Amino acid sequence: AMLPQLFDDALRREIALVLHGDIAELDADPFVAAALAGALPFMSDRRVSIVNAAAIAREVGVRTMVVREGRRGPFRASLAIAVEEHRLIGTVLPNGPRIVEIDGFEVDAVADGTMLVTRHRDVPGMVGRIGTILGKANINISTMQVARSQRGGGAMMVLDVDREVERPALAAIAAAAGIETVRLVQV
C-alpha cells in the first residue's frame with residue numbers, strides 16, 4: 001500500500017519483488033499476490049484480494065517480476081519492492097512487520113496506520129518545525145524516524161501519527177523551509 005502513495009505512477013511501471021535470504025527459495029506467488037492486493041486499490045475501484053489480485057493486475061496493465069537474492073543486511077529474510085529507482089524494504093521482527101528502508105534511507109517504521117514521510121535537507125530545526133506544525137493541528141506523533149544520506153545532505157523523516165493529517169497542516173509542512181516532499185501514507 002505504501003508504494004503508490006509514496007511514488008507517483010509507481011503502478012504504471014514494472015514492479016520488482018526482491019526476495020532476500022530465507023524467503024528467496026519460497027514460492028513467490030503469495031508474495032506477489034499480497035503486494036498487488038495492497039497496491040491495486042489505489043488504481044482500481046474493484047475490490048482487490050489476494051485471490052483476484054493477479055487477474056486485476058493483468059486487466060489494468062500492472063506488471064511484476066520476481067528476483068531472488070541472498071541475505072541482505074542484518075535480516076535473515078526481507079522483501080524489497082522496487083520500481084525503477086525507488087525501493088521499499090520490509091521484514092518481520094519479533095514485535096511485528098517493519099519497513100526498514102525507503103529509497104536507501106534506513107528506517108524502522110511500523111507499517112500500520114497513518115504515516116507522514118518527508119524528504120528534506122539535513123539542517124538543524126527540521127524535526128522541531130514539523131513537530132510544531134503537527135502540534136498546532138492537534139496531531140500526536142507516536143513514533144518518529146529520521147535518516148540521512150550524509151551530514152548536510154538529503155534526509156527522510158517517517159512519522160507515525162494518531163490520525164490523518166488534514167490539508168492545511170500538509171500544506172504548512174510542504175511550505176516549510178528545507179522540505180522537498182511530504183507524503184501522507186495510510187497502511
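Analyst: For DSSP, strands are E runs of at least two residues and helices are H or I runs of at least four, numbered from the N terminus. Two strands pair if DSSP finds at least two bridges between them. This is a predicted model: local features need pLDDT of at least 70, side-chain atom pairs need 80 or more, and totals for chains, interfaces and linings use all residues. Numbering runs from 1 along each chain as its sequence is written, and side-chain values use heavy atoms, without hydrogens or water.

User: What makes β7 and β9 a pair?

Analyst: The bridge count. β7 and strand β9 (residues 154-161) share 8 bridges in the antiparallel sense. The pair needs at least two, so it qualifies. R121 has G154 of β9 as its bridge partner.

User: Which residue stands opposite T114 in β10?

Analyst: Q186 does. β7 and strand β10 (residues 179-186) are antiparallel too, over 7 bridges.

User: How many residues of β7 are buried?

Analyst: 6 of 8, which leaves the strand mostly covered. Buried means under 20% relative accessible area, exposed means over 50%, and partly exposed is in between, with a 1.4 Å probe and protein chains only as cover.

User: Why is T91 called buried?

Analyst: Its relative accessible area is 9%. That is under the cut-off, so T91 is buried. The residue sits in strand β4 (residues 86-93).

User: What is T91 in contact with, beyond its neighbours within four places in sequence?

Analyst: F75, A77, S78, G96, P97, R98 and V100. Contact means heavy atoms within 4.5 Å. With A77 there is also a polar approach: the A77 backbone oxygen is 2.6 Å from a polar side-chain atom of T91.

User: Why does A111 count as partly exposed?

Analyst: A111 has 29% relative accessibility. A111 belongs to the loop between β6 and β7 (114-121). Outside four places in sequence, it touches P97, I99 and V187. V60 is another matter: 51 residues away along the chain, its C-alpha is 26 Å from that of A111.

User: Why does M144 count as partly exposed?

Analyst: M144 is at 36% relative accessibility, so it too lands in the middle class. M144 is part of strand β8. Together with V127, I141 and V146 it makes a nonpolar surface patch of about 280 Å² accessible area. Strand β8 (residues 141-148) supplies the largest share, 3 residues.

User: What sense do β5 and β6 pair in?

Analyst: Strand β5 (residues 96-102) and β6 are antiparallel over 4 bridges. Their bridges include I102 with F105. β6 (residues 105-110) has F105, V107 and A109 on its covered face, and E106, D108 and V110 on its uncovered one.

User: What phi does D103 have, and why is D103 called buried?

Analyst: Phi is positive, about 50°, although D103 is not a glycine. Most residues other than glycine have a negative phi. D103 has 18% relative accessible area, under the limit, so it is buried. D103 is in the loop between β5 and β6.

User: Why is D9 called partly exposed?

Analyst: D9 has 48% relative accessible area, which is not over the exposed cut-off, so partly exposed is the class. D9 also has a positive phi, about 60°, without being a glycine. Its place is in the loop between α1 and β1.

User: Which residues of α2 are buried?

Analyst: In helix α2 (residues 29-39) they are V32, A33, L36, A37 and A39. Their cover includes α1 (2-6), β1 (15-21), α3 (53-60) and β2 (64-69).

Notes: Patch = residues over 30% accessible without salt bridge, like charges linked within 9 Å, V, L, I, M, F, W, Y side chains within 5 Å. Areas by Shrake-Rupley, 256 points an atom, 1.4 Å probe, with all protein chains shown as cover. Salt bridge = Lys/Arg side-chain N within 4 Å of Asp/Glu carboxyl O. Polar contact = N/O pair within 3.5 Å; in protein donor to acceptor, adjacent residues only side chain to side chain.
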